[in-house]
Amino acid sequence: MKKFIKSNQMIVINLAFLLGGIFVGWFGYDYYWEYKFISLERSVESEADTNQDSEIWGGTSILRLIEPFHCDASSNLSDSHSCKNLTDNDYTGWKDAGNSCLDETFTFYFDQTYFIEFIVVSNFEKASEFEDVDKIKGFTITYPNTETETRHFLELDNFEQWFDINKLVTDMNFEIFSNYDSPGTDICGLQEIRFYGKEAVQTTNGNS
Ligand SMILES: [Ca+2]
Ligand SMILES: [Ca+2]
């Protein structure tokens, strides 16, 4: 072995440098990415802190599904088609008493004030039910405690449709002003409205 090293001294030295280089390079690369990852984590953390400070409402609470405790509808086809079906997370839905949805309203009441970020509205998901009813097209939402009104339109499909709200809400009133009219029926329906938001906790915003 000694004889081999001696006679191939240059090759052995070069080989040693080469292996050493690969070793240093490998660990250096690892260390570099670990460093990048930790820096990234820190910057995300500090950004989250900044966001929390700048949010006046809902700064400490978590975005979640908010369920209204009560609703009223201007009409419903029967007790088994009431507006309660709009928030039961099931295929059941609300159906009106035969006005093709025009001028129909429903109001949802919450147990306290929430910061509602967005709502998700679904027509009947089951194709047979979807085909059977008139569908909502244009609707306004009013917020009785603020007298604000927003205007929205549903697409004619049975996928979930999202609408930004970003308002403090204690109750919400929906009024339908246009529809997608299916031939052969005057009954209009909707499967679900889900509300996502946070508890409206006013943070001290660093002023305490
Ligand atoms: Ca439902
Ligand atoms: Ca119709």
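**A walk through the strands and the core**

The protein chain has three helices and eleven strands. Keep in mind as you look around that this is a predicted model. Starting from the N terminus, the order of elements is α-α-β-β-β-β-α-β-β-β-β-β-β-β. Of the 208 residues in the chain, 22% are buried. If you take the contacts in the chain with a separation of 6 or more, 79% of them are between residues 24 or more positions apart.

A handy place to begin is strand S4. S4 covers residues 105–122, and it pairs with strand S2, residues 70–73, in the antiparallel sense through four bridges. To find this pairing on screen, look for His 70, whose bridge partner in S4 is Tyr 109.

S4 also runs antiparallel to strand S8 (residues 161–176), and here twelve bridges do the joining. One spot to check is Phe 108, which sits opposite Met 172 in S8. Then there's strand S11, made of residues 192–199: eight bridges tie S11 to S4, and again the two run antiparallel. Here the pair to look for is Val 120, with Arg 194 of S11 standing opposite.

Now for the inside. In soluble globular proteins, nonpolar side chains tend to be buried together. In this model, the largest nonpolar core counts 29 residues, and Ile 116 and Ile 136 are the ones with the most contacts inside it. Which elements give two or more residues to this core? They are S2, S4, S6 (138–143), S8 and S11. S4 supplies the largest share, with seven residues.

Let's zoom in on Ile 116. Setting aside residues up to four places away in sequence, Ile 116 touches Ile 66, Ile 165, Lys 167, Val 169, Phe 195 and Gly 197.

Another residue worth a visit is Ile 176, which you'll find in strand S8. Is Ile 176 buried or exposed? It counts as buried, because it has 23 C-beta neighbours inside 10 Å, and the cut-off for being buried is 20 or more. Leaving out neighbours within four places in sequence, the residues in contact with Ile 176 are Cys 101, Leu 102, Asp 103, Glu 104, Ile 136 and Phe 139. You've met Ile 136 already, as one of the residues with the most contacts inside the largest nonpolar core. Finally, look from Ile 176 across to Thr 140: the two are 36 residues apart along the chain, yet their C-alpha atoms are separated by 6.5 Å.

Technical notes: Residues are numbered from 1 along each chain as its sequence is written. Chains are lettered from A and ligands numbered from 1 in the order in which they are written. This is a predicted model: local features need pLDDT of at least 70, side-chain atom pairs count only at pLDDT 80 or more; totals for chains, interfaces and linings use all residues. Two strands pair if DSSP finds at least two bridges between them. A nonpolar core is a set of buried Ala, Val, Leu, Ile, Met, Phe, Trp, Tyr and Cys residues joined through C-beta atoms within 7 Å. A residue is buried if 20 or more other C-beta atoms lie within 10 Å of its own, exposed if 12 or fewer, and partly exposed in between; C-beta atoms are placed from the backbone. Two residues are in contact if their C-beta atoms, placed from the backbone, lie within 7 Å.
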